[in-house]
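Subject: Structure for you to look at

Hello,

Here is the structure I said I would pass on. Please open it first, then read the notes below it.

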Amino acid sequence: MNALVKQHLIDPEVCIRCNTCEATCPIGAITHDANNYVVDPNTCNFCMDCVSPCPTGSIDHWFVVPEPFSLEDQFSWLELPPKPPEPALDPDDSEAAALLDGAHAATGGRVPPPPSAAKPQINVFNRDAPARATVTGNLRLTAGETDTRHIILDFGSRVFPVLEGQSIGVIPPGTDAAGKPHAMRLYSIASARDGERPNTNNLALTVKRTAGGLASNWLCDMELGATLDVIGPFGATFLLPAAEDADILMICTGTGAAPFRGFTEYRRRHAPGIHGRLHLYFGARTPEELPYFGPLQKLPATLLQQELVYSRLPGRQREYVQDRMRARAEHITALLRRPNLHVFICGLRGLEAGVEAAFTDIAEAAGMDWATLRESLRTSGRFHVETY
Amino acid sequence: MPDGINIDYDGLIPNNVDLAGDARVRKALETWHPGYIDWWKDMGPEGFQESLVYLRTAIGVDPKGWAKFDYVKMPDYKWGILLAPKVEGRTIPFGKHKGEPAWQEVPGEYRAMLRRLITVQGDTEPASVEQQRHLGATAPSLYDLRNLFQVNVEEGRHLWAMVYLLHKYFGNDGREEAEELLARRSGHQDTPRMLGAFNEATPDWLSFFMFTFFTDRDGKMQLEALAQSGFDPLSRTCRFMLTEEAHHMFVGDSGVQRVVERTVEAMRDADITDPHDIAAIRALGVIDLPTIQKKINLHFSLTLDLFGNEISTNAANAFNAGIKGRYREDKLEDDHALLDATYPVLRHVSGQFVTEEVPALSALNLRLRNDYVQDCISGVTRWNRVIEKAGIGFKLALPHVAFNRAIGEFAGIHTDIDGNILDEAVWQAARDGMLPNDDDAAYITSLMVPVTENGKFAGWIAPPKMGIDNKPGDFEYVQIVA
């Protein structure tokens, strides 16, 4: 069977031929005849520039097909053909979906994305047709025992559309003991949607070297200029809310900080003056082992309120994020009362149990029921957990 | 420092034109601002100024930043001054200055002409807000109410866009014109708006949809022609306005389509196949197709008048000067000077229609109008698909361009919708069959009952196929505060 491809289509029944998409497309992928506006499958690179200016929503259709519809097909349509079923058995999609489902298990059920989050692209690149990236940065973030790295992947002229909070997949080279390709590994994106600096076409990962870890050692050893295949992006729920009044409570340990670095970068660049605030509870063993410790010191409290928590400071009692939450119960209580609070938890599995207990006690002391509150946050897309 | 993409939201007036660095213009606009807010409160949407409306606001003029949705009270809407990014090295694309660098300041010899064009364009923007100010009271759904308000606030922003140009480039004269824009009133006996169609009432929602389909589309054509201008600030302003204008086309286009959908659906459910059985169809509480056709006849003909005289020296001068181009001038392949070209014009000569070749420069109004008619046809074709799909033998159509005209070649004559010339007596007798009459108006008015429950729609209009900003069907587009 041929590899399936994703195709961008315009609904001719809804389109009003306003020409906005054709005028907006930076690479001339959209054209029209007397009948329809159409997207050239050989040119479109899924940059999404045309989507938000479309007044009708007709532009926002994505089919996964064995063979793309030609321009002639599209010109002849009076309506979209029936949408082919999403290929649920496609090994790449299901592999990533299973990994994400596992990571989100502690959320406590299906959760929609934050209501104001931008619409993500997912599964644009798969195992059969990955995006080739070049390593343009590999910087050690930590000292001491842990080796955590900030790795920058550049996509050259290829568009790899991501949102803060999404993940990408990589596959270590070689085969496993059974002679099959290795399983996919997911890594959260640690940069903002428009790259490490505005309008660079790259993204960053936060990777911790683990003893004997195949993928982490492979990535952490990457030389500048090395290339690798990237698939994805994945994840349609753990996303940055865009609402200006969204207060975001971010709780993490270690490399779980990656998505929150993306959140913070986006807000720093694009929404510095809004009244919704970022609140970070971030745990590590020591300052030296806390990724991004240096850069975090430079961020103003108006952008990001930080609670950096250490469990192995010499001569000090061990403190974990849940301990700091309890110590700052007043702050947490005030946040829980905010009308548009979003809670995100990301880090090693096990983190959620301690955090859960802290939330329960803090809420109870303030006369609130955490289970009820959490359920209402979850069902409205405002409670997200990603642990591994 | 704004870089032309990101917008400065720090001052009173969001902008990407570095107002912070231009004290004179900033002060002029800040002085104009309270009058604008007073105008909005007096003449803007009646009764919903405190309600939270799910509106889009531009936070950047690039594709990713310009359509940000959130709840906002209309008087708090961020009306800003947003120009499309400057194209370095842009040259004047047509006329006798073709190939010279685009003007960043007003050329002295064209000052009066430019001021006039900008003022006329500016006058239409508040006019339509005034015309539509009572419609909120009878909206067929919260979805439609939101769309109305989106159109209104963006027309308000388009007024700002023109006022900025007047203040920035036309000194005292510009300031006076800007004041006048707030002083005229649509339909007012003594101080009417400048163009005829903008003094007509918008009495009901079908009229609103027709207005946004036909009359806002004239606005689109005018903006397209001005977007080609050699005066670069005008070009950049109009290019950004066009992105917003597309939504207004959508409201009209899809609005009429939904009315047609609901009508044919009700007819099918009641087993009515004769589209002319008006009494039976109206008994279903929907708008019969012949009445929809009459509305088309009215709004199309009123809007054609906005294009002015078919043969026009002003239009020739504006083109020759490089001030106002043709529709999609940049896509046309000719010499862009038109000194030797001719263009066929349908004229009325002693009781006959004749086609005459006239100098193309003189016929630019007509040329733009012809492009407009083509643009309208695509919408009508889509409406007809809905009727055809329902198996009903009826076709909506645009009337003949000579029908019901007050300006230009056909101003002095009467015709039927096929362009057959009628004498006064026949016209008087036939008129009520071709244009909405008192009975039609009374019937449509009787349907205009507000529906304010989430996800519910009045019985005469179908729900939209998709929500705004991909929202689900029962989304609360307007949180009404009485």
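In chain A, five strands form an open sheet in the order β13-β12-β11-β14-β15, and their pairing is parallel. Please keep in mind that this is a predicted model. Strands of a sheet pair through backbone hydrogen bonds, which may be parallel or antiparallel. The edges of the sheet are β13 (304–310) and β15 (383–387) of chain A; each has a single partner strand, so one side of each is left without a neighbour in the sheet. From one strand to the next, the twist averages 10 degrees.

Strand β14 (residues 341–347) of chain A runs parallel to β15(A) and is joined to it by five bridges. In this part of the sheet, A:Cys346 stands opposite A:Glu386 of β15(A). Helix α9 (residues 351–365) of chain A lies across β11 (247–253), β14 and β15 of that chain, at about 145 degrees to β14(A).

Next, two helices of chain B. The axes of α5 (residues 205–227) and α10 (residues 364–389) of chain B come within 10 Å and cross at roughly 135 degrees, which makes α5(B) oblique to α10(B). The crossing is right-handed. Among the contact residues are B:Phe213 and B:Met221 of α5(B), and B:Leu368 and B:Tyr372 of α10(B). The residues of this contact divide into seven nonpolar, one polar and four charged.

Last, the two chains together. Contact between them involves 18 residues of chain A and 18 residues of chain B. On the chain A side, these are seven nonpolar, six polar and five charged residues.

Regards

How values were computed. Residues numbered from 1 in each chain as written. Chains lettered and ligands numbered in written order. Predicted model: local features only at pLDDT ≥ 70, side-chain atom pairs only at ≥ 80, totals over all residues. Axes fitted to C-alpha atoms, helices over the stretch in contact; angles between N-to-C directions. Helix = DSSP H or I, 4+ residues; strand = E, 2+ residues; numbered from the N terminus. Parallel < 35°, antiparallel > 145°, perpendicular 65-115°, else oblique. Left-handed = near helix turned anticlockwise from the far one by under 90°. Contact = placed C-beta atoms within 7 Å. Nonpolar A, V, L, I, M, F, W, Y, C, P; charged D, E, K, R; others polar. Pairing = 2+ DSSP bridges.
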